Every structure is written in structure tokens, then in C-alpha cells.
Amino acid sequence: MRDVAIVGAGMIPFGELFHLGIKDMVSNAYTAAKSSVDKGLEDSDIEALWFSEVGSVDGFPAGVAADACGLIDVPSTRVENACASGNDAIRNAAHAVGGGYADVVLVVGADKVRDTPASATFWDWMSTNRDSAWDMPVGLISPASFALHVTRWMHETGARREHLAQVAVKNHHNGARNPKAHLRFDVTLQQVLDAPLVAEPFGLLDCAPQSDGAAAVILASKDAVERFTDRPVWIRGTGIGIDRVLHAQKPDLSVFGATRKAAKRAYAAAGIGPADIDVAEVHDCFTGVELMNYEDLGFCDRGEAWKWIEQGETEVGGRLPVNASGGLKSKGHPPGATGVAQCVELFEQLRGTALNQVTAPRYGLAHNVGGPTAVAAVTILEAPYGTTH
Amino acid sequence: MRTDPQVIEALGTYAPTWTDAGGSRCLGPDEDVTTMAVEAARAVPGFAASAGRVDRVVLVTRKPDHLLGTVAEVVLAALGLAPGTPFEERVGGAPEVLELLASAVSGTLVLAIDPGAPAVAGAALMGEGACRVELHRAVRHSLPVRSRAVGDRADLVYDDTRLLREHGWRRALTELDPSGAVGVAGIPARDAMKLVRTAVHVSPSAGPASAIAVLTDMVRGGVDGDVVGVENGHAVLVSVAVLEPASAGAVLRDPIERRTVRPPTTAAAIPASLASYERAFDAKVGFVGRACTNGHVTFPPRPRCLECHDPDLRDVPLPRQGRVYTLSTVRAPVPGKDGPYTLAVVALDDSHVRVLAHVTDATPGRQSIDDHGALVLRRVAVRAGIPDYGYAFQPDLPSPGQSALDTSGVT
């Protein structure tokens, strides 16, 4: 397997983008990624395209993406793996490049959540990852699906709602400085605790917003990298994990089994462990999930996550900054785009060009968990050679 | 017009937990005629052991939910009765039920439902045991003071209550000449006790279930006597001889006032796949898991065992009690669902099986991890207009000494 690097990465601002269709967003994200390539990149350099989209507004995703980017002369594949779609598209593209099937490829992630009216799409989106006979009738909405895990985890570790709220405060503070973020405002702990309840223990401000958006990264093999940049960000490890799709059949709801499996595979591929990670973008669809991620990704020991947030370990400037971009909570969560956008942030962090810059990171980790909490993806990236920790 | 007396083996009544603002028992948001029928049968002492002898079911109500649907399939599956059991859905009132109880043969399960308000359901299994019912006389006059055309949402009531009381009820009772009747069914309790001075056993409801409610009351009290069943101008007189007081049961939980936070949105909002519904039906409504040759039990059913992937599986009934493992209360509005509602993952007693169920018969949001309760049949959702039945978690009532009454049930 050859080494693979990210040579360009870009995203559009996330938000309620009624003025942009899926094709506009995809094209704009590709343009943003192209313009980040230090030595420039032509459309003719791209040899294949992977498109991460969970929905399918305007139909046939692989074609929509290729057509919008003006890349209809190369293979195009749509990847869908619930909220892990973006990092899984990167994983598949990296395997193709690493295995020698292509030298330079494009990965785009996008979703239009706000194209159809709210209540009409409610059950349509849910049905993409719920059992028709066993989950849909009881009304297992996404916040409840994650809340079942977080409630059990809080019961076993002693974490409280205040700890969840601190995640929202941290991520909103980070996102307020991010021009690409959907929600660019600070929140106070009290505001988070007082917000109307959605699915206990989550209130409105514990939940990521519904966002439209797109992000793109350009991958190159080791030999091709120097055509594009002298400061590539290396993909050192990728991993996917799968869990049982029905909550009642998962053995332990105080963890995300899928995250643990994905992380184990990615760390093994990279030959490093959690203590080596300097900056991370993790899946905070709901605040409590970020805290569980600290434990499932091995950043801290079991039961210690609430201490970490209390002690500010994951602030920018802390022991392991998490979600310097604002996370899903503040930056937004178009499901297909999220994983790719995390890698866009890490690309900038590892090259020292991020807006909310972490001090000289060497290894970055991107993580998603989703579906009926049954899939997770982890990507581990390394800073350009010569960068010291 | 005497008939050979028939014997009821066991009987029972069920009333919902919920009450309206006036204090009358009313259906919970997840209850209907079908779920009430199942609860009534389960209220019959010894039903689980006797179910094998049921070879005919007659369900009587004045307010069916569906004229065409799947009531029989759900009731039979939920009670573990053979799917081929003859099942008759009758429109009728208290007099019809008394006639039925006096004529139905051993092995017949009679289910009578008054959806309310007040709501009550009754069940009687014919056989050997609880009491003997003998029909003596019946009278009929056409006096439809209360009527309802198919498609009407509410009863049409002729505006002369004295006509009903004097020319309907009182005349029929006089013609029946029920000297010393101790039970009156079909007439609201207060009126019943004024019209029949000797009446002691009455029912809050006035539909077919009131007949079983009155008989249940008499059997539990060990009281023999005559019972009249009345509806408009139709009245029936039976005599009841109690044989075994322990064969009658009544399920009545502490009441919770049902207060709707927001009206339910359109029931068509949730899409349905009827094929998917049908495949899941037996396991979902029968509450049946699958056991592999190594003894592992999996639920919902899967093609291979959850633990060892053994594909050789057979059906096994699941325990119907369990403890909350985790839970969450949904407070945001969800199209097509009454809210708020609490979802729980429940670990079944003496089993590795857990089930995902909504919480019923309790105020949402007041439950905790490790609470114990029962799994009971409820209407879980209505999808594309079709009711979807499954099991809900009914928390045990607090033991004496704890606060027993929860009088502020926000649903």
C-alpha cells in the first residue's frame, strides 16, 4: 500500500442555505478545495470521485456530484454510511489511491437537509436508519436514540447535565469565531440548561442544528504529492466500526461499540495510540455524545470524561483540543458533509493555517458515529514531514 | 322462555388508569377497543392456564373502532389463542351480553368493551366454576332515545330524559317484574339505584361491559340474585348463582388524570409498510422470541441467533416483567405521535433479552433506571391510518408506604 495524503481541502459555510441547491454546494466545495492546493490543481488532474451524501435530493447522487464538478469523464461512486459517510468516503478513496488504482482523487461530502418541508421529511429521514416494524412505531427519533446511550452512560459514570452543557459552551465559543459555522454565537451554561427539552437529557442547545452544507478534500499518492504541495497532510489510518442496529440488542448502551471498533482499527493502521493525538474533531451531534467519545476513543479512561470537560482539557490550549471548529453543535451537521469537513479543519490545523489554531499539532483524529448508533468512522492524519510536536 | 343455565368459569374487568377532568376513567393515548379486550381477558383469574380451552370468541361493543380491520388477529395473537379460533364481533349492549352469558357454551370467551367515558371492559370464560347464569324473561319496545348512525362520531340523544326513564327503563323493568334484583346493568349507576331499590351491584358505564362488571362484583362478593340488563326499550332478566368467588378479578390501578399537552397531529403522518408490519406481527403481538439450540433467546426475531449465529431457531414466549436499563423522554413534538412520551430499554426478568418499549399507564418522565414493571399490549402507533400494536412498559405501582397517588399525569 502506498502512502496517501490530502493536498487540498475546502468547505462552504454551513447553514440554512435555501439559495443553494445540492449541485451549487458541491461545485462550491470543490472550488474551495481546489483553491487551497498550494501549487494549483486542474480538473484534468482528478482521476476519480467519491461522493458522500445521506439524502438524495435531485436524485442519482454519483451523477449529480460528477456533473456539478464538471468531472463526468472519470468514475464516480456515492458512499452512504449514515453519519459516517464522509469519513468512509475518504477511507474508500484512500484505499483506491493506496492500492494503486489512481494517483489523484476527489472526495466531496454534501447534504441538503432543508430542501423539503420539516414535517414531511421527518419520517423519511428517520426511515433511512430505523427498522420499519420495531423502531418507527415507538417514535425512536434521533435525539432519543442517542439519549438512550447517554442516559445509561451518565448513570454509570456520574456525569450530570452540567457536564453536557459545558460541551455546548465550549463548542459554541469555538464556532462563534468560525466564519464557516452555522450557529455563530456564544451560549452560557444556564442558557443550555434552561433550553426546552427535546429528548431527556438533551435540551434544544444540546442538539446540533439541521444544516445544509458541503466540503471536499483532494487525495494524492505519495509520488504525486509534490505536483501539488510541499506540505501534505498524511492519512495514517482509517477505520470503520459496525454495531447491532437495534438498541435492545446492543450489549452495552453506555458505550458506542462502533466507535471503539473504528478507533481500534485506525490506531492500529497508524501505529499510534490515543495519547499521540494532538487535535480532534469528534461527533457531537448531541453534547453528551462528545463526552462518551472521549472515553470510546481512548482519550481518557472510562468514567473520566466528565472530569475532562470540567477541567478544560479539551479547550483550545488544553491537553487535547476537541472541536476547535465548533463541532457539529455550532458548525452544523449536513450528514454527508460532516466527516469531510472535519478533515478540512484538521488539514488546516496540521498545516498551521487554522483560524482557531492549536499549538503545533502532529496527529489529528476525525470521528463520526451515527445511523441507529450502529456505525462509526475514524480517520487519523499526520502533519507534513518536518513538523514537530 | 327459559334456557338451560350456562356456567361462567371465570370472569374479570379492566378499567384504564387514566381519568378525564371529571374523574371518569377514560382510554389512555395508547388504548382502544382491541387493547381493552386483551386487558379484560388478562384480568380473568387463571386465564393463562385456561386459554387452551377457548374455542370461540365473541367480542361485544357499541363503539367498534373499525368495521373492517384486524381486531380478531390482534386479540387472538395477544392472548396466545389459535389463529383459527372462530371470532365474532358483535354490536350490542348490556342486555345482549346477559343473553350471551346465559346461552354461550363452555369454551366461549365473551369480551365486552365500553370505550367510555367511563371506560371499562369485561371478559367471561364459559366453563365450570364461577357462577351460573339463567335467562328468565326479556321485553322489547322500540324507543331509541339514544341512537347512533354508522359514521356519526357521537350518540344522538332524544331530548327527553323523562321519556327514557319512565317509558323506557321503568316500563321495561315493571314488565320484567324483577322483584328483588340486586344487579342492574346498562343504566348509569345513580339512575339504576333509584329505579331498582334493591340494586346494590351497579356499574359506572352503561354499555355491554357493564353486564360483566355487575356480575364480577356479585361473584367477588359471593352474592346470588337477579340481574337486569337494560338499554333503551330492551330489558333482560337473568338469575345468577355464585359458585366460586375467587374466580372473579378486577384490574383497577390508581387513577392518573389525563391531560393532553398538545392535540395529536394527523395519524397519516407516519408512513407504513404493511408487508413489514405483517412479517413482524406474530413476534410483536404475541411477544414471542426465538431460542436457538444452545438456549440463547433473541428478540425481535432474526435469521440467526444473536449470540452464536445458530440458524436453527424455535419460538419461545418471553417473560412479561422487567426492569428499566435506560430511558429517555421525548418532549419535542413528533408528527403522528401523542406527546410527550418516554421510551425505555427494558431488561426482561430472568432473561438476557431486552426490549425497546414506550412507557404506559404512568406520567412520562417520572421513571428511572432500575424501575420494575410489566410488559402489556398497547396500540403503539397509528401509521397511515392503520393501528400498530406491540408491548409497552407499565411501571409497577409503588408499594404501600410510598406515595401511591400520582394525580398530575401530563400526557
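Colleague: Which residue is the bridge partner of Ala48(A) in E4(A)?
Modeller: The partner of Ala48(A) in E4(A) is Val105(A). Strands E2(A) and E4 (residues 104-111) of chain A pair in the parallel sense over 5 bridges. Two strands pair if DSSP finds at least two bridges between them; helices (H or I, at least four residues) and strands (E, at least two) are DSSP runs, numbered from the N terminus.

Colleague: What sort of model is this, and how are residues numbered?
Modeller: It is a predicted model, in which local features need pLDDT of at least 70 and side-chain atom pairs count only at pLDDT 80 or more, while totals for chains, interfaces and linings use all residues. Residues are numbered from 1 along each chain as its sequence is written, chains are lettered from A and ligands numbered from 1 in the order in which they are written, and side-chain values use heavy atoms, with hydrogens and water left out.

Colleague: Back to E2(A): how many bridges does it form with E3 of chain A?
Modeller: E2(A) and E3 (residues 76-79) pair over 4 bridges, in the parallel sense. Within E3(A), Val79(A) is the bridge partner of Ser52(A). The chain passes from E2(A) through helix H2 (residues 61-69) to E3(A) in a right-handed β-α-β crossover; right-handed means that, with the strands pointing away from the viewer, the path from the first strand over the helix to the second runs clockwise.

Colleague: Is E2(A) buried or exposed?
Modeller: Of the 5 residues of E2 (residues 48-52), 5 are buried, so the strand is largely enclosed by the rest of the structure. Buried means under 20% relative accessible area, exposed over 50%, and partly exposed in between (1.4 Å probe, protein chains only). Ala48(A), Trp50(A) and Ser52(A) cover one side, and Leu49(A) and Phe51(A) the other.

Colleague: New topic. How many residues are in the largest nonpolar core?
Modeller: The largest core has 57 residues, and Leu109(B), Leu111(B) and Leu375(B) have the most contacts inside it. Such a core is a set of buried Ala, Val, Leu, Ile, Met, Phe, Trp, Tyr and Cys residues joined through side-chain atoms within 4.5 Å. Helix H3 (residues 71-78) of chain B gives the most to this core, with 7 residues.

Colleague: What does Leu109(B) touch?
Modeller: Not counting residues up to four places away in sequence, its contacts (heavy atoms within 4.5 Å) include Phe47(B), Val54(B), Arg56(B) and Leu125(B).

Colleague: Where do Glu39(B) and Arg378(B) lie?
Modeller: Glu39(B) lies in helix H1 (residues 33-43) of chain B and Arg378(B) in strand E21 (residues 372-383) of chain B, so the pair ties together parts that are 339 residues apart in sequence. Glu39(B) is buried at 11% relative accessibility, and Arg378(B) is buried at 0%.
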